[in-house]
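Trainee: Could we go through this model together, one question at a time?
Mentor: Gladly! Have a look at it first, and then we will start.

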Amino acid sequence: MSQTAPREEDNIVRDFLSIADLLEETQLARIYTHVYCEDEATVGELIDALEISQGTAYTYVNQLVDAGVLTSTSDTQPQRYTAVNIELTLTADNKREYTISPALIAAVARRASNETIDSYIDRRGIHGLATALTHALAREQGETTHRLVAEDLEMSPLEAEVILQALRPVVHEHFSLEDSGASLADVVDAENLDE
């Protein structure tokens, strides 16, 4: 005999599936990320900023509202929307934790315009991108190098450097980094300018 899951468990599963949609559908991730970074936006602003059709914009905004990751902040027209701060941590194989956050969603959103991120996701999946994003943050904080990242992720140092550079703008947009000194990437950039 089957039992119905308690309402709270239904909501948790629904929320998880909604977040999974954000990670699978680049347009949803782009809309969520734009609203999150701008604090709020109208559908018209999304159409202009993301160069998407009106029908697509309304369809996706309604989907994100239904999913509970965007909320309307006004009852008047045009409606303004704000993004809910998402932070969901998953543990895989009792070894690694993956955190789904606005930063990871922003990285996925760049898939449409960044060939490096797109091919990285194709090869290593969203979980691989999440791990690379964690390493990109650590590198920007001066805690690791691309060679150590390469070793940890079992890839060439060149491949590690390429994905770390691709994720660098996401790190700077979504994380507070101390101004105590340059990151290792800044040093590499400076050296390249001197050549």
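**Helices and loops**

Mentor: H6 and H8 are roughly perpendicular to each other. Keep in mind that this is a predicted model.

Trainee: At what angle do the axes of helix H6 and helix H8 cross?
Mentor: Helix H6 covers residues 115-140 and helix H8 covers residues 157-174. Angles of 65 to 115 degrees count as roughly perpendicular, and H6 and H8 therefore belong in that class. Their axes come within 8 Å and cross at roughly 70°.

Trainee: Is the crossing of H6 and H8 left-handed or right-handed, and how many nonpolar residues does the contact have?
Mentor: H6 passes H8 in a right-handed crossing. Sorted by class, their contact has four polar and seven charged residues, and its nonpolar residues number 14.

Trainee: Which residue does a cis peptide bond join to Gln-77?
Mentor: Look in the loop between strand E2 (70-72) and strand E3 (80-83), where Pro-78 is found. The cis bond has an omega of about -10°, and the partner of Gln-77 is Pro-78.

Trainee: Is Asp-39 buried or exposed?
Mentor: Asp-39 sits in the loop between helix H2 (26-38) and strand E1 (41-42), and its phi is positive, near 75°. Exposed means over 50% relative accessible area. Asp-39 has 57% relative accessibility, so it counts as exposed.

Trainee: What is the relative accessible area of Glu-51?
Mentor: Find Glu-51 in the loop between helix H3 (43-50) and helix H4 (54-67). Its phi is near 55°, a positive value in a residue other than glycine. Glu-51 is exposed, and its relative accessible area is 72%.

How values were computed:
Residues are numbered from 1 along each chain as its sequence is written. This is a predicted model: local features need pLDDT of at least 70, side-chain atom pairs count only at pLDDT 80 or more; totals for chains, interfaces and linings use all residues. Side-chain values use heavy atoms; hydrogens and water are left out. Axes are lines fitted to C-alpha atoms, for helices over the stretch in contact, and angles run from 0 to 180 degrees between N-to-C directions. Helices (H or I, at least four residues) and strands (E, at least two) are DSSP runs, numbered from the N terminus. Angles under 35 degrees count as roughly parallel, over 145 as roughly antiparallel, 65 to 115 as roughly perpendicular and the rest as oblique. A crossing is left-handed if the near helix is turned anticlockwise from the far one by less than a right angle, and right-handed if clockwise. Ala, Val, Leu, Ile, Met, Phe, Trp, Tyr, Cys and Pro count as nonpolar, Asp, Glu, Lys and Arg as charged, and the others, Gly among them, as polar. Buried means under 20% relative accessible area, exposed over 50%, partly exposed in between (1.4 Å probe, protein chains only).
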